[in-house]
Amino acid sequence: MQRWTEVDRYIEDLFALDDEVLTQTVESSRAAGLPQIQVTPALGKLLFVLARSVGARRILEIGTLGGYSTTWLARALPDDGHLTTLEIDPHHAGVARANLGRAGVADRVEIVVGAGRDILDRMIAAGAPPFDVIFIDADKDGYPDYLERSLRLSRPGTLIVADNVVRGGDVAMPGHTDPRVAGVQRFNEMLARDPRVSSTIIQTVGDKGYDGIAVALVERG
Ligand code: SAH
Ligand code: DHB
Ligand code: MG
């Protein structure tokens with residue numbers, strides 16, 4: 001076992017990050033044939049801590065899968081809080097719906113099935129109020145579009161977090177031909193250049209190998 005996989009286990013045990021509900025969510029997602037690409041428990045807990053830190057009442061997630069990260073974020077909400085999560089694959093959405101029901105957070109989570117870009121455009125057109133936290137974790141080539149639209153659904157104080165922005169180090173290779181790498185590179189450049197946000201990228205190693213997350217605070221609209 002890789003050293004950092006051992007350490008991920010150590011962190012999970014130490015902080016008791018694998019309760020019955022979360023374990024069942026991972027298990028049922030695996031049984032339903034979903035790819036095992038949910039955030040690690042340690043990153044799930046970080047999402048929870050970040051959402052708590054900003055007192056999040058309205059959360060947006062792009063990329064639901066089986067609802068694992070959704071559960072961590074929903075648990076950070078107050079009773080009257082709300083989370084909207086976007087998922088293009090109806091099978092994933094169905095598995096997530098069942099998992100979120102078992103997790104006892106279905107009352108505060110709405111799963112919207114469709115292409116993230118289109119749903120975000122509809123939300124913007126409908127004048128949706130800003131979100132407090134936005135977690136971007138869907139198709140990687142869509143990240144630039146998701147960032148642009150997320151900023152339009154933000155206010156000063158909104159926290160934007162994006163998963164998989166290092167991709168084994170590929171992002172540091174200029175002119176990468178993989179559209180997923182190119183999408184993340186453009187996303188990172190957009191974040192870095194945008195005067196409205198304070199942001200950085202944290203490299204991560206663990207269960208899922210070598211990757212990273214971007215964290216951005218919207219300072220002005
Ligand atoms: N956030 C999840 C993992 C998401 S995996 C977790 O950590 O638990 C990425 C998900 O994005 C997949 O379920 C995939 O079906 C979905 N997806 C891919 N393209 C999409 C699109 N264009 N719009 C919305 N969701 C998309
Ligand atoms: C993939 C997507 C993810 O969100 C992730 O965390 C890891 C891998 C993927 O599409 O391969
Ligand atoms: Mg991810």
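Is Asp163 buried or exposed? At 5% relative accessibility, Asp163 counts as buried. Keep in mind that this is a predicted model.

**The magnesium site**
- Three residues hold the magnesium ion (ligand 3): Asp137 through OD, Asp163 through OD and Asn164 through OD1, at 2.1 Å.
- Along the chain, these donors follow the spacing D-x25-D-N.
- Asn164 counts as buried because its relative accessibility is 9%, and the cut-off for buried is under 20%.

**The nonpolar cores**
- The largest nonpolar core has 30 residues, and the members touching the most others are Ala51, Ile59, Leu73, Leu83 and Val109.
- Look at Ala51 up close and, setting aside residues up to four places away in sequence, you'll find it touching Ala56, Ile59, Leu73, Ala76 and Val133.
- There's also a second, separate core of 28 residues, with Leu60, Leu151, Leu153 and Val166 among them.

**A buried glutamate**
- Glu87 sits in strand E2, which covers residues 82–87.
- Glu87 is buried but has no salt bridge, and the nearest oppositely charged side chain, Lys140, is 10 Å away.
- What does Glu87 contact, leaving aside neighbours within four places in sequence? The list is Gly63, Thr64, Leu65, His92, Ala93, Val112, Val113 and Gly114.

Technical notes:
Residues are numbered from 1 along each chain as its sequence is written. Chains are lettered from A and ligands numbered from 1 in the order in which they are written. This is a predicted model: local features need pLDDT of at least 70, side-chain atom pairs count only at pLDDT 80 or more; totals for chains, interfaces and linings use all residues. Side-chain values use heavy atoms; hydrogens and water are left out. Donors are N, O and S atoms within 2.8 Å of the metal (3.2 Å for Na, K and Ca); water is not among the atoms, so sites may look incomplete. Buried means under 20% relative accessible area, exposed over 50%, partly exposed in between (1.4 Å probe, protein chains only). A nonpolar core is a set of buried Ala, Val, Leu, Ile, Met, Phe, Trp, Tyr and Cys residues joined through side-chain atoms within 4.5 Å. Contact means heavy atoms within 4.5 Å. Helices (H or I, at least four residues) and strands (E, at least two) are DSSP runs, numbered from the N terminus. Lys and Arg count as positive and Asp and Glu as negative; His and the chain ends are not counted. A salt bridge is a side-chain nitrogen of Lys or Arg within 4 Å of a carboxyl oxygen of Asp or Glu.
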